[in-house]
Amino acid sequence: MAYSEKVIDHYEHPRNVGALDKDDSGVGTGMVGAPACGDVMRLQIRVNGQGIIEDAKFKTYGCGSAIASSSLVTEWVKGKTLDEAMAIKNSQIAEELELPPVKIHCSVLAEDAIKAAVEDYRKKQGGAPVAAQPEMAGAQAAH
Amino acid sequence: MVDSCFRCGAELGAPPALCASCGAVQPFRADLSLYAVAGLPETYDLDVQTLRTQVLALQKGLHPDRFANAEPAARRYSLEWSTRLNEALAILRDPLRRADYLLQRQGVDALDERVKVADPELLMTQMTYRERLEDLAAARDLSGMEALRQEVDTAVTGVVQRLRGLLGVLPCVEPEAAGAALRELQFLDKLLGEIDRSEEHLQNA
Ligand code: FES
Ligand SMILES: [Zn+2]
């Protein structure tokens, strides 16, 4: 399987690998797994008082595409609002990384992980989950 | 329904691949399940040794070499039967693939990539296992890895036990629960593969 240069770059120099304190009220944690291959991913965000994501970390036990997808998403979400982060689509990830169709589930994992992280953060804030905003064009130009 | 030999009309056994009377290899039957091809009843709880013995015996009789000088149709049939027998052995001997096969037969694709894993506890456990393995690898701790492997083996035994119960009567009446167990097994199976890889890596370093 030939990986694109962008995948290799993220794979060899993953951005934002690590963990944030999951018990911190300002941190949202998303954990996801791929039944098709048995791989797992954790993606975390730290949100400031203005509702902006100021830090993101990930840990992915999976293939190169999954590592690159999660690495890319942590880069994309920094500086974004929660709704903007929620609007990220796996198709954007796959396009940016030029993933072949068989590797799509790996980018789906990253989309699911950021959504799960935002949901976890919102749940911690105790508020009723904010109604999903209509898709924002902003997320497209996200890098 | 009893199949009969296309050449001499004698009754065929299970699988209906070779005629015991005239020795003719029968036209391949793509409609047969992997179990039927192996001449075994369709159960999850199967004895792998019996499966292997059975398949190897059938392979012997159907080996394409035995039909090297036969008519083209017979050569093709023997190749088709033995290819399918290989597949039956590979899939049915493995508790994971066997469960997946049986669930797929009733239209349940539990490992489909579009299925979302919604069990936070399962994900947490798997994530923790992987982190432990990573730490053990970094510390070059082979005995720690062996201990981890034993723990994971025990977990696998537990899940297979659950699958035995759930797939004891077919078709399974709790496909949701069986699917969840199958997914858990998939994560554990991948983890075992990763433990193998890490150990090899350490031993070769
Ligand atoms: S193959 Fe498992 S995440 Fe890509
Ligand atoms: Zn016959």
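How exposed is Arg105(B), as a relative accessible area? The value is 46%, so Arg105(B) is classed as partly exposed. Keep in mind that this is a predicted model.

## The Arg105(B) pair

Arg105(B) has a partner: its side chain meets that of Glu42(B) in a salt bridge, at 3.1 Å from N to O. Glu42(B) sits in the loop between helix H1 (34-37) and helix H2 (48-62) of chain B, while Arg105(B) belongs to helix H4 (residues 95-105) of chain B, so the bridge ties together parts 63 residues apart in sequence. Glu42(B) is partly exposed too, with a relative accessible area of 32%.

## Other salt bridges

Zooming out, a search of the whole structure turns up 26 salt bridges over all chains. Side chains of opposite charge can pair when their charged atoms come close. Over in chain A, Glu75(A) bridges to Arg15(A), with 3.2 Å between the closest N and O atoms. That pair links distant parts of the chain: Glu75(A) is in helix H2 (residues 64-77) of chain A, and Arg15(A) is in the loop between helix H1 (5-12) and strand E1 (27-34), 60 residues away. Glu75(A) has 37% relative accessibility and counts as partly exposed; Arg15(A), at 22%, is partly exposed as well.

Back in chain B, Arg114(B) and Asp112(B) join their side chains in a salt bridge at 2.9 Å, N to O. Here the two partners fall into separate classes: Arg114(B) is exposed at 67% relative accessibility, whereas Asp112(B) is buried at 16%. There's also a network in this chain, where salt bridges with shared partners connect Glu146(B), Arg149(B), Asp196(B) and Glu199(B).

## Where H3(B) crosses H4(B)

The helix that carries Arg105(B) also packs against a neighbour. The axes of helix H3 (residues 72-92) of chain B and H4(B) come within 6 Å and cross at roughly 110°, which means H3(B) is roughly perpendicular to H4(B).

Which residues make the contact? From H3(B) they are Arg84(B), Ala90(B), Ile91(B) and Leu92(B), and from H4(B) they are Arg97(B), Arg98(B) and Tyr101(B).

Most residues other than glycine have a negative phi, and most peptide bonds are trans. The bond from Ala14(B) to Pro15(B) is cis, with omega near -5°, and Pro15(B) lies in the segment before H1 of chain B. The bond from Leu170(B) to Pro171(B) is cis as well, again with omega near -5°; Pro171(B) is in the loop between helix H6 (142-166) and helix H7 (175-204) of chain B.

As for phi, Glu98(A) has a positive value of about 55° although it isn't a glycine, and its place is the loop between helix H4 (90-97) and helix H5 (104-124) of chain A. Arg140(B), also not a glycine, has a positive phi of about 50°. You'll find Arg140(B) in the loop between helix H5 (120-138) and H6 of chain B.

## What the record says about chain A

An unreviewed UniProt entry lists residues 2-125 of chain A as "domain: NIF system FeS cluster assembly NifU N-terminal". Over that stretch the model's chain is 45% helix and 21% strand, and the end C-alpha atoms are 43 Å apart.

Definitions and conventions. Residues numbered from 1 in each chain as written. Chains lettered and ligands numbered in written order. Predicted model: local features only at pLDDT ≥ 70, side-chain atom pairs only at ≥ 80, totals over all residues. Heavy atoms only, no water. Salt bridge = Lys/Arg side-chain N within 4 Å of Asp/Glu carboxyl O. Helix = DSSP H or I, 4+ residues; strand = E, 2+ residues; numbered from the N terminus. Buried < 20%, exposed > 50% of the residue type's maximum accessible area, 1.4 Å probe, protein only. Axes fitted to C-alpha atoms, helices over the stretch in contact; angles between N-to-C directions. Parallel < 35°, antiparallel > 145°, perpendicular 65-115°, else oblique. Contact = heavy atoms within 4.5 Å. UniProt positions renumbered as here; feature names shortened; annotations may be inferred.
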